[in-house]
Amino acid sequence: MLEYTLQLLASALTEGSIYVLMALGLVIIYRSTEVLYFNQGSIAMIGGISLYAFLNHTGIPLAIAIPASLAVCIVVALLSQWLVVLPLLARGVSSLNVSIITIGIAMILETAVMMLFGKDPLPVSSFSGDDPLTIFGASIVPQHLWIVGLTALALVLTLLFFKKTWTGRAMTGLGDNHLLARASGFPIKRLFTYSFIFAALVGGLAGIASAPISYTSYAVGTRLTIKGFVAAAVGGMGSPVGALVGGLIIGFFEVFTAGFISSNLKDLITILLLLLVLKLRPEGLMGERG
Amino acid sequence: MGIATLVKRRWPFLVLAAMIFCFPLVIKSSFLMRVGLVWALFAISITGMTLLTGHAGVVSLGHSAFYAFGAYLSALLTVRAGLNPWLAMLIAAGTTSVFAYLFSVPFLKLRRVYLAMGTLGLGEVVFLVAKNTTDVTGGVSGVPGIPYLSLGRFVLSHDWQLFYLFGIFIILFVFLAENVGRTRLGRAYHAIRTNETAASAMGIDVQWELGKVFCFSAVVCAVAGSLLAHFITFISPESFTLDYSFALLIIVIIGGANIWGTLVTSIVLVGFSEVFRVFQDFSMGFYGLLLIVALFVFPDGLAAVLSSKRRGAAAAEASPPAPGRDTATVLAGPRDRGHGEGKILELNGISKRYGGTEALSRVSFSVEYNQIVGIIGPNGAGKTTLLNVINGFLTPWEGSITLAGVDVTRKVPHEMARMGVGRTFQLTNLFKGMTVVENVMVGCHLDGESGILAGGLNVGRARREEAEIGNRAMESLEFLGLTGRAFDIVESLSFGEQRLIELGRALAMRPELLLLDEPAAGLNTAEAERLGVLLRRIREQGVTIVLVEHNMPLVMSVSDMVYVLDFGRGIAFDTADGVSRNEEVIRAYLGQEVRSVS
């Protein structure tokens, strides 16, 4: 029983880490543009697909393929921002409507990837083999450690970035008060760009790190987007800490529901959790009231 | 109304009805007939969403939930409980309306993004419940054997029969949505979408109105779902995924705030994706591309192109003002409230704090009926905060406010509007994208009572209200000398004119007490003098005015009493003469003013 629980704990951490990364990107973009970026799942999907393409069609080593895939994600995210999001916001389209338009971007990207790579799930080999390690009696696939480790690294870097650098603090300020930031002459466009680059990095990382355990295909994005939003809303759309808390909670709820009750119920439980949080504490568990 | 006017005003309906009538006669392919039926269900579903999202700007990502409610309730009640399909549809619609209202209410108090998230969750939950509670809903294998709808013994089982049935629903709901969209409630939705603050100051109960329209849109989707169940006679969870909600939303956003815009969009989108089924795989990409391109070409949706350039004209011209009627008396006669004597407004020790800073500290003064009371003070003295507290946008931290003898300390803005308090704002707060007369007509919101059904069916009462509102708005504009600009979009007017329209909009509320926040800001000397004349004329009609203003010549010339605020404290309350001689006032404010002028 203990081993089983430990096993579940490890899975929950892994799942949760992916959701944390997804939520983190969504929160950053929401804070800077007030747009719900429904395209974030496609960015993650493109990360996974790019990794597949680099590894299987070019033969470059993993250590180069990962940054190259992240670069692809950044390019796609910036294109979506320059070509669609910013021009529409500038034309006075409301941020909620722009959010819906990012669903359109996701649809286009998914269709494009489907045309290029087909519909079948594509395998990506693990970063360091598939022999499970035994830790306290629970056997853990190394890829899980990669996911948790990379997420932890990304989180530490994120927090340092927002606390220590001028750009990070400026981005926080932008999220706190748009009008004031605009009036104080913040380089808003540049900060928007940084937000999208940042979101592409964490989103792409989510797609890349999870590709070996769950395969990848043109269709994985929607699920990641939804899970990311659920995590972000539960934790609080307002802060990176909210993304961390929300992502882990959703990961734990899902894995433990599946492990102890029924895997049919895991999605239902997490969505009910979302509705409960929205009713009781709409600003999210970590959100600030007021 | 003659046939010619009817045709002229309602021709889109005739075209729609003709199209629906001809479709089954012309189309012989059973495949295309099915496409027509699929479109018909979309067309029904979007009528409510057009009001909710197009007009009121509320985004729902989960209307598939209500579509599923309608379908599953109808299916289960007929298959498991053996109810008549029509009765089942009615129960499904009723249950959905109650549920939708209860669901939406907590979210409507919050920023709109939370409702978007909540509906996203709801759509997912309903889908998962349908899929996983196999005992009740049949899980993935669905509910088979749902009976057809029938009229007496006549069973509606052929596609063409169903198409005509759906057609009747389309025409009914389109008629409703069209009428609501272009009359009093439609204007209220537009006002809420473009400026919620001003909308509530006009007496619009934002949460209640949005709750109703959310509920209506949900019921319409439930009816569509019920029709779906009795048309394909088998339902399973796949029909109720997120994709359905997204498709509805995309149609409504491309269409914008106009039912014809959304209908045309639905024909294009459903038509393309169904007819080119061979390319089914690419239909999502096509949807996405169309959405982006459409919003680049029409940032406000197709509605902006389709809407008549003279919106509001119909109502305004329906009943021209009676000749010889003095506009000013009609304008200002406070609605069925007798003129009071003594104090209309009393503030008792009002304090308001933000964090550690005290924006207002024990402010007390009173205003008598038919007075003009000026409020002056340096920037940041708390003048606008004071108006916001009186108006109900802010609740005081301590103290009490009495209006005409009634305690109103905790009233919210739309309640204050109902009690006869009109308001203008420091920064112009007009409803963008509306014509001048429509803006003023929003001020008459409380003159009408008809809801979605009465307004939608355009019954006599709603029509009379509409004519009266149009009439009153035109009188307001006449009073301000702006009749010539009545049918121009407000953004096209000069700043000075916009300030006047804001005043006109508040006057159209027929207030007893008018709160004006720097009405002369940005006006040149001549315009400010004209404003002074207007204010006196308004007062002559029995309106009491509280005037926050920096323009000293204006305040000093019109005010009976002047209240001086400094750092949130009242330092003087006296006649204009008395205040201008008061040492403390001169030190805190007037002296500084004189310096800055010289």
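Mentor: Buried area is the accessible area that two parts lose on being put together, summed over both. Keep that in mind for this predicted model.

Trainee: Okay. How much area do chain B and chain A bury between them?

Mentor: About 3400 Å². Carbon and sulfur atoms carry 82% of it.

Trainee: Which residues of chain B lose the most area to chain A?

Mentor: Met117(B), Ile292(B) and Phe296(B). Together they make up 18% of what that side buries.

Trainee: And how many residues does each chain bring to the contact?

Mentor: Chain B gives 39 residues and chain A gives 38 residues.

Trainee: How many salt bridges cross the interface?

Mentor: The rule finds 1. Arg111(B) and Glu34(A) have side chains that meet in a salt bridge, at 3.2 Å from N to O.

Trainee: New topic. What span would a straight helix of 24 residues have, and what does H1(B) have?

Mentor: Straight, it would span 34 Å at 1.5 Å a residue. H1(B), residues 3-26, spans only 28 Å between its end C-alpha atoms.

Trainee: Where does H1(B) bend?

Mentor: At Arg10(B), by about 80 degrees. A proline, Pro12(B), follows within four residues.

Trainee: Which residues of H1(B) are buried?

Mentor: Arg10(B) and Pro12(B) are both buried.

Trainee: What about Arg505(B), buried or exposed?

Mentor: Buried. Its relative accessible area is 0%, and under 20% counts as buried, so Arg505(B) qualifies. Arg505(B) sits in helix H22 of chain B, residues 495-507.

Trainee: What is Arg505(B) in contact with, leaving aside neighbours within four places in sequence?

Mentor: Quite a list. It includes Ala198(B), Met202(B), Phe425(B), Asn429(B) and Gly443(B). Leu430(B), Phe431(B), Asn439(B) and Val440(B) are also in contact with Arg505(B).

Trainee: How far apart are the C-alpha atoms of Arg505(B) and Thr424(B)?

Mentor: They are separated by 8.4 Å. Along the chain, these two residues are 81 residues apart.

Trainee: Last one, the sheet. What is the strand order in the open sheet of 4 strands in chain B?

Mentor: S4-S3-S6-S7, with antiparallel pairing.

Trainee: Why do S4 and S7 of chain B each have one side without a neighbour in the sheet?

Mentor: Strand S4 (357-368) and strand S7 (406-407) of chain B stand at the edges. Each has a single partner strand, so one side is left without a neighbour in the sheet.

Trainee: How many bridges pair S6(B) and S7(B)?

Mentor: They pair over 2 bridges, in the antiparallel sense. S6 of chain B covers residues 398-403. Leu403(B) stands opposite Val406(B) in S7(B).

Terms used
Residues numbered from 1 in each chain as written. Chains lettered and ligands numbered in written order. Predicted model: local features only at pLDDT ≥ 70, side-chain atom pairs only at ≥ 80, totals over all residues. Heavy atoms only, no water. Pairing = 2+ DSSP bridges. Expected span 1.5 Å × (residues − 1). Bend = angle between axes of the 7 residues up to and from the residue. Buried < 20%, exposed > 50% of the residue type's maximum accessible area, 1.4 Å probe, protein only. Contact = heavy atoms within 4.5 Å. Buried area = accessible area lost by both parts, 1.4 Å probe. Salt bridge = Lys/Arg side-chain N within 4 Å of Asp/Glu carboxyl O.
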